[in-house]
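Let's take a walk through this structure together, starting with its open spaces and ending with a pair of helices.

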Amino acid sequence: MQRLAPPALPPWLAAMLPFERYLVNVDGIHLHVMEQGAGRPVVMLHGNPTWGFLYRKVAAALAGDPVRIILPDLMGLGFSDKPRDASVHTIETHARLIGGLLDGLELDELVLVGQDWGGPIGLRALADRANRLAGLVLLNTVVGPPRPGFKPTAFHRLARVPILSDLLFRGLDLPQSALFLAQGDRRSIAGDVARAYRYPLRGWARNVAPLALARMVPDSMAHPSIEPLRKTQALVEAFRGKVGVVWGERDPVLGRVIGFIERLLPRARVTRTQAGHFLQEEVPAEIADAVRYVADL
């Protein structure tokens, strides 16, 4: 897979990212990727509205371990291409792109680390490549469809209100301007860290994805995300490798989902924390330990 030159970063942001960086073309979309180290491949996938920057502290905690850390930015986020057509944002499309990346980089015996949408997108990609998966780390994510009769969260109901949702998400830069509200320690996303999450999505032309990804969350059992989510759950239930779970219980969106995860995966090693949704900012050492556990380091 040919590696292309990545976009330049402003000095204040480049100083926070001591990684190899490159772009790759997957089905006509340029994905931005950062890497560190050599050894067992560990693919860390973020969700909405973040990017690979989210895992920098986890990568630092694993520096020196025999792992090759791979941090892709999902289409529409970070420094990957940002299509202006919101309809391209489906689980299947994102999974096809991430699957193409895994194939192009020839990653085998990999560990998947998934948080938020990074969990189901990575799992859907691997559902077609189950032989590549050797270990799984779940961080405040979902692994399957909701139960019939579920009620969407207030945040996801807001994302479907005509006009108002566009004003809030695209005009006022939600949720990237308010990530600290989802944290256990709100000081964990402030200053240049908060600025780094906003920077790639600045401007109306660049911020299509956050609203589109919020609308990818099912609001009924007829939603197009339901069937792909069934496939992700089937993969997780059939997987026989090691599973590590690190959870932020102060996450206002997914904090209580840990109960379902524990029932679905009774053999997983679970670490509950008082972190919030973006727990990579608050408990990177615990996440690094989970990676070591599933990778047999």
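Which helix gives the most to the lining of the largest pocket? That is α5, with four residues. This is a predicted model, in which local features need pLDDT of at least 70 and side-chain atom pairs count only at pLDDT 80 or more, while totals for chains, interfaces and linings use all residues. Residues are numbered from 1 along each chain as its sequence is written, and side-chain values use heavy atoms, with hydrogens and water left out.

A pocket here is an open set of points on a 1 Å grid over the protein atoms alone, where a 1.4 Å probe fits, with protein on both sides within 12 Å along at least five of seven lines; lining residues have an atom within 4 Å of a point. The largest pocket holds about 1300 Å³ of space. Its lining counts 44 residues, and Thr-153, His-156, Val-253, Leu-254 and Val-257 are the closest to its centre. Helices α5 (154–158), α8 (209–215) and α10 (258–264) each supply at least two lining residues; helices are DSSP runs (H or I, at least four residues), numbered from the N terminus.

The second largest pocket has a volume of about 190 Å³, a volume being the space filled by probe spheres set on the grid points, which are joined across faces, edges and corners. Among its lining residues are Phe-79, Asp-81, Lys-82 and Tyr-199.

Now for the helix pair. Helix α3 (residues 91–104) meets helix α4 (residues 118–127) through residues including Ile-98 and Leu-102 in α3 and Ile-121 and Leu-126 in α4, where contact means heavy atoms within 4.5 Å.
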